[in-house]
Amino acid sequence: MSLGSRAAAVFGGAARRAAAIPWRGIVSDSSLRAFLVAKTLCAVHVVNAHLCGVAFVLSPSPFPSLSLSLSLSLRGRHRHIQVLGPSMLPTMNLTGDVVAVDRITARWGSVAVGDVVLLLSPENPRKTVAKRIMGLEGDAVTYLVDPAKGDESKTAVVPKGHVWVQGDNIYASRDSRQFGPVPYGLIQGRIFCRIWPPESFGFIGQKA
């Protein structure tokens, strides 16, 4: 058999084997699987964005390459979620936490004094910070101006559509004492449970 005949026989056999493969079924099955994956991702996005999500709340790292914080979400734009230094000690661990975030409470306007919330920083909207609500609209909040230097206090009335937030560690927190009441619309969700680290697992309740 000549070289051309052998090549023709090889290619002919390959063509017959390719023709025997159920391509239509494979394409149909692949399309169905891709559709199911897309539906699952959409469902995850809806749950995370509107019902309940998981967030990594990290303190800044001394290493610049490790200083980025992460948000477990499927949003198009990434935001940094971080506790700025020790501002939420002892509620939040200095080394970082993985927390569960309830988004329904904030959307329904049901957050209460004492809740720990994630909110967009009024000073840098590209960052999300964790603070505790100390006053709702109409509340008169008395606070120490600079607790590290003395007992001087002031009282502020929270305007309509705003909340007053502070870090649990008032000696090392930048909050409403510096930037004033925060618009309610900046609240992204209520932190209600710590998932990680395991030894700190548990619900994060209100604190008067």
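Reply:

**The largest nonpolar core**

The largest nonpolar core has 10 residues in all: Ala 106, Val 111, Val 117, Leu 119, Val 129, Ile 133, Val 163, Val 165, Val 182 and Ile 187. A nonpolar core is here a set of buried Ala, Val, Leu, Ile, Met, Phe, Trp, Tyr and Cys residues joined through side-chain atoms within 4.5 Å. Buried means under 20% relative accessible area, exposed over 50%, and partly exposed in between, with a 1.4 Å probe and protein chains only. At least two residues of this core come from each of strand S5 (116-120), strand S6 (127-135) and strand S9 (162-166). Helices (H or I, at least four residues) and strands (E, at least two) are DSSP runs, numbered from the N terminus.

The model is predicted: local features need pLDDT of at least 70, side-chain atom pairs count only at pLDDT 80 or more, and totals for chains, interfaces and linings use all residues. Residues are numbered from 1 along each chain as its sequence is written, and side-chain values use heavy atoms, with hydrogens and water left out.

Leaving aside neighbours within four places in sequence, Ile 133 is in contact (heavy atoms within 4.5 Å) with Val 111, Ala 112, Val 113, Gly 114, Asp 115, Val 117, Trp 164, Val 165 and Ile 187.

The ring centres of Tyr 143 and Trp 164 are 5.0 Å apart and their planes stand at 35°, so the pair is tilted. Rings of Phe, Tyr and Trp (its six-membered ring) pair if their centres lie within 6.5 Å; planes under 30 degrees apart count as stacked, over 60 as edge-to-face and the rest as tilted. Because Tyr 143 lies in strand S7 (residues 140-144) and Trp 164 in strand S9, the pair ties together parts that are 21 residues apart in sequence. Tyr 143 and Trp 164 are both buried.

As for the chain as a whole, its secondary structure comes to 4 helices and 12 strands. Of its 208 residues, 32% are buried. Among contacts between residues at least 6 apart in sequence, 60% join residues at least 24 apart.
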